[in-house]
Amino acid sequence: MCHLGIRGRQRPFSRLSGHGRGADFVSVFKGNSPFLWSWAGSTLSMLGSRTIGVTYPLLAYGLTQSATSIAWVMFASTVPGLLWYIPAGAWIDRIGPRRVMVWSEFLRGTLVMGIVVAQVAGVLELRWLLIVALLEGTLSVHSSVAETVLIPSTVKPDKVENALALHEASVHGMVLAGRPLGGLLYGVSPIVSFITNAAMLFGAAASLSRVPRDITGRGKPLGAIFGEMRGGLTELRRNRFLCSATVITAYINFMVQGMIVVFLSEATDDNLPSALAGTILAASGVGGVIGAITSLRRGRTDRRFRHRPVMLVHLWACTIALAIPLLFLQASWSFAVALLIIGLAGGLSNVTMRTVLSQAPLDRAARVAAVSRLGSYSAVALGPLLAGLLVGRVESWVALFILCVPMGGLALAMTTVPRLRSALVSVPRLEAAMRETETALRHAEAAVRTAQIALDRTEVVVRRMDDSPNGDDDTDPHVVDPHVAGRHVAGPHVAAPQISASQAVVT
C-alpha cells in the first residue's frame, strides 16, 4: 500500500516551487555549463539509441534474409530493460550518475565500433550481433536511469521543472528524428550508419565528462547490493503520488500499445503505405514535444490544472483518445489524432512525475527512478504481445472497445473516489505546503529580529547598572543615562527610552 511522503534526506523543498520559473527555457542554460553539457550528452545518447534501434533489425535481416532474426535482435536489445532496471538503480546510487553515464556511453560506442570492424573484416555473424545488442541494451538502461538523476542535480532548485520540461521535449524530438535518420543512414551504407552511431555515443561520453564530478556515490560494501535494490521499491511505495502515478502510467502504456497494434493490423489490411503509417505513429512524438513545451508555460498551466491533477487529466485524455478511432470507424486520421492527444498528455505528466522524482533522497534517487521506469517499460514491452493475441481473436472495433472501457472505468474511479483522487494531488498540496512554510519562516525571522532588539536593550541597561557607583543616592540604577539615550531626561524616575538596534551599541 502506498504511503504519503518520501523519507530520508531530501533535496531542497523549493524544487517544486513555481517562483522564478518563466516561459523562456533559454534561461536554464544561462551561466549553467553543467546543465548544458549534461543535456547535450543526454540528447546525443538518445539520438544514438533511436537510430540504432532501427539499424539493428535492418542489419540482422541483411545478414540472414530472415524475419525471425529481426525479432531476435529486437528482443536482445530490449530485454535488458525488463531484467536490469532495478540492479542499475542500485549501482548508480553507489557510483554516481555522471560516472555511470560517461562509462556507459563510452562502452556503448566501443561495442558499436566492434560491429563496424567486424563488418569491414567480413566476419560479422548474427550471434555476434545478438551479443552486442544485449550488452549495448544493458548499458543503455544504465544511461536512461542515470540521466533521470543527473539532469535535476545540475540546475538551481527553481529551474528544475524547466530543465526537465526541456529534456522531455528533447526525448520526444529524438524519437521523431532518430528513427528516420537511422533508416536514411542505413540506406547510404550499413557501415556508415554504425560509424555515425558510434560517433554519437562517443560524443555523448565526451560531453558528459565535462559535468562536475558526482557527490552521490556512497561506496557501500558489495554485500549490500540486494538490500539496496529492494530499497527503491520501498521508497516508491512510501510516496503516495509516485506510487499511484507509476501504476496509472503503466496501465495507460499497456492500453496505448494495444491501440497501436490494432492500428498496424488495420493498416496492413487496408494496404496503407508504410510512409503514411510511420507518419501517423510519429504523431505521438509531436504531441509529446508540444506537451513538454507547454509545461514550460507554468503560469497559465498552473492556473488551469491546479484543481485538476495532471495525472488525472492524462488518464481522461487517453480514455478519450482510445474512443476516437472507435467512434470514427477506425479511420487512419482518427488514430493520428488519438496518438497526438496521448503524446501531449504524456509530455505534461512525464514532467510532473520527473519533478517529483527529483525530490527523492539523494542516496536513493536512482533506485526510485529505476522502479518507476521499470513499471512503464514493462507495459510497453508486454502490451503489444497481449494485444496481438486479442486482435487475432476478435475484430478491431471489439478490441478497441475492450481497451477503452477499462480505461474509462479507471478514470471514473480515480475521479469520483476521494481516496483514489487524493493520491494524485500530492504535487498541488506540496506547493501549498511550501507556501505555508515560507510564510511561517518569514514570521519566524520577524520574531527573531524582535527578540534580538529586546536583548540589545536589556544588555544596555545591565551594563549601565554595572557602571553606576554603589551607594550614590543621586543615581537611580534603574534609569538610563540621558546622554547615552541621546535625549534630555526631566527627572530621575522617567522610564527608559526606546532604543533601536542601531543605537544598542555600547562604546
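Predicted model: local features only at pLDDT ≥ 70, side-chain atom pairs only at ≥ 80, totals over all residues.
User: How are two packed helices described?

Analyst: Two packed helices are described by the angle between their axes and the distance between the axes. Here, take α1 (residues 33-64) and α7 (residues 190-208): their axes come within 8 Å and cross at roughly 160 degrees. That angle makes α1 roughly antiparallel to α7, because angles over 145 degrees count as roughly antiparallel.

User: Which hand does the crossing of α1 and α7 have, and what classes of residue make up the contact?

Analyst: The crossing of α1 past α7 is left-handed. The contact of α1 with α7 has twelve nonpolar and eleven polar residues, and no charged ones.

User: How should I read the length of a helix such as α9?

Analyst: Compare its span with the one expected at 1.5 Å a residue. Helix α9 (residues 240-269) has 30 residues and reaches 44 Å from its first C-alpha to its last, close to the expected 44 Å.

User: Is α9 mostly covered or mostly uncovered?

Analyst: Mostly covered: of the 30 residues in α9, 22 are buried.

User: What is found at the start of α9 and just after α9?

Analyst: At the start, a side-chain oxygen of N239 comes to within 3.1 Å of the backbone nitrogen of F241. Just after α9, N271 has a positive phi of about 55 degrees.

User: Where do Q65 and Q330 lie, and is each buried or exposed?

Analyst: Q65 is in the loop between α1 and α2 (67-78). Its relative accessible area is 53%, so Q65 counts as exposed, the cut-off being over 50%. Q330 lies in the loop between α13 (310-327) and α14 (332-357). With a relative accessible area of 13%, Q330 is buried, because buried means under 20%.

User: Where is V155, and is V155 buried or exposed?

Analyst: V155 sits in the loop between α5 (126-153) and α6 (160-188). V155 is buried, at 8% relative accessible area.

User: How far is V155 from L36 in sequence and in space?

Analyst: V155 and L36 are 119 residues apart in sequence, while their C-alpha atoms are 9.7 Å apart in space.

Terms used: Residues numbered from 1 in each chain as written. Heavy atoms only, no water. Axes fitted to C-alpha atoms, helices over the stretch in contact; angles between N-to-C directions. Helix = DSSP H or I, 4+ residues; strand = E, 2+ residues; numbered from the N terminus. Parallel < 35°, antiparallel > 145°, perpendicular 65-115°, else oblique. Left-handed = near helix turned anticlockwise from the far one by under 90°. Nonpolar A, V, L, I, M, F, W, Y, C, P; charged D, E, K, R; others polar. Expected span 1.5 Å × (residues − 1). Buried < 20%, exposed > 50% of the residue type's maximum accessible area, 1.4 Å probe, protein only. Polar contact = N/O pair within 3.5 Å; in protein donor to acceptor, adjacent residues only side chain to side chain.
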